[in-house]
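Work through the exercises below with the sequence and the 3D structure in view. Try each task before reading its solution.

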Amino acid sequence: MEHPENSSEYKGLSVQTGTLSPGSVNPYLNLSRPRRRRELTVDEYVEGILQGDVTVLSRAVTLLESTRREHEEMAQSVIERCLPYAGKSIRVGISGVPGAGKSTSIDEFGIHVLSQYGGKLAVLAIDPTSERSKGSILGDKTRMEKLSVHPKSFIRPSPSSGSLGGVARKTRETIILCEAAGYDKIFVETVGVGQSETACHSMVDFFLLIQVAGTGDELQGIKRGIMEMADGIAINKCDGDNVERCKIAASYYRNALHLFPLPPSGWAPRVTTYSGFYGLGIKELWDSIYEYVDFVKRNGYFEQRRREQNRYWMYETIEEQLRSHFFNRPDIEARLQGAEKSVALAQKTSFVAAQEVLDYYFKS
Ligand code: GDP
């Protein structure tokens, strides 16, 4: 390039022609905004899922977790098309209080069932607190070190939107997608507090309750209803100097279970001890779960329970939709605020105030 300083009037000065500066230091750097991924069509979702494509499966689960109306509609079409291919799996619910050792155990359980029975495993979760904690602590891949890198496993944390009913419905729909993608073993992890266990129980074939040995007063913290739901109780951390305490705890639970009538499955729930951390007693526990599955498949209860669950979910969905339709209307919200005030000031009874809002809703 010609520099003005090189003209003859600047004697004794000469400027070398430099190199042109490149447009970018990194020629591979693409400064344009990253392109958004192309949305898939319903056909593409279904095809990918049926082929067992994990990326498409993950995207389909994200789609069904979306609260956007068009996504919801699309997700429903995908689910409907996948339904004929779903159902051929064993679904096991795994519940326990935080710290009981669920993640540690699921990691071991997963590796065990995959090596013993082959197939593919999906680990899902129901965590109603995940919206508040901004991200689920259940189904967290980092807490399942072996499974998270296993080629035959698919781990998905809890959906985090809305009510427990909504979270649970989405987990149930995810089960359908996973089954259509060829996952023949499904674990549903849930935290052992409150209603999430009922929701989990209503979508699995076997509900396993993980307990740890306490200070002797074993049954204090466990509610009767939850004991009744369990198809099996497994006492974890049966290792080191904890073995004796676990055995005592197991006999407490066995005695307590004897007091309940035989469940409709005809199967008397068993109490086992194991150590998820040291991998002890895992085979015995899973042999007993598979024995249960054989048993209920032969006596017809397996199918009966799934039919009842389908019915339950139909009503759950209706209730959930009605509730959200009602509570999401801004005019209803305004009226509810007014009604709340008059109830608080004792100007109206709860019943009258509720009736007025409902009358308005049904008339409009
Ligand atoms: P979660 O909250 O139910 O998922 O429980 P984690 O799997 O995170 O386990 C809670 C704690 O208990 C961790 O520190 C584990 O290392 C420990 N733990 C889990 N399983 C066992 C076990 O079988 N034996 C012993 N001694 N500790 C365990």
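A salt bridge is a side-chain nitrogen of Lys or Arg within 4 Å of a carboxyl oxygen of Asp or Glu. The model is predicted: local features need pLDDT of at least 70, side-chain atom pairs count only at pLDDT 80 or more, and totals for chains, interfaces and linings use all residues. Residues are numbered from 1 along each chain as its sequence is written, and side-chain values use heavy atoms, with hydrogens and water left out.

**Exercise 1**

Find the distance between the side chains of Arg-38 and Glu-44, and classify the exposure of both residues.

Solution. Step 1: the N to O distance is 3.0 Å, and the pair forms a salt bridge. Step 2: buried means under 20% relative accessible area, exposed over 50%, and partly exposed in between (1.4 Å probe, protein chains only). Step 3: Arg-38 has 54% relative accessibility, so Arg-38 is exposed. Step 4: Glu-44 has 30%, so Glu-44 is partly exposed.

**Exercise 2**

State how Arg-323 and Glu-319 are placed in helix α11.

Solution. Step 1: helices (H or I, at least four residues) and strands (E, at least two) are DSSP runs, numbered from the N terminus. Step 2: Arg-323 and Glu-319 are about one helical turn apart, because 4 residues separate them in α11. Step 3: their closest N and O atoms are 3.8 Å apart, in a salt bridge.

**Exercise 3**

Solution. Step 1: two strands pair if DSSP finds at least two bridges between them. Step 2: the 7 strands follow the order β3-β2-β4-β1-β5-β6-β7, with parallel pairing. Step 3: β3 and β7 each have a single partner strand, so one side of each lacks a neighbour in the sheet.
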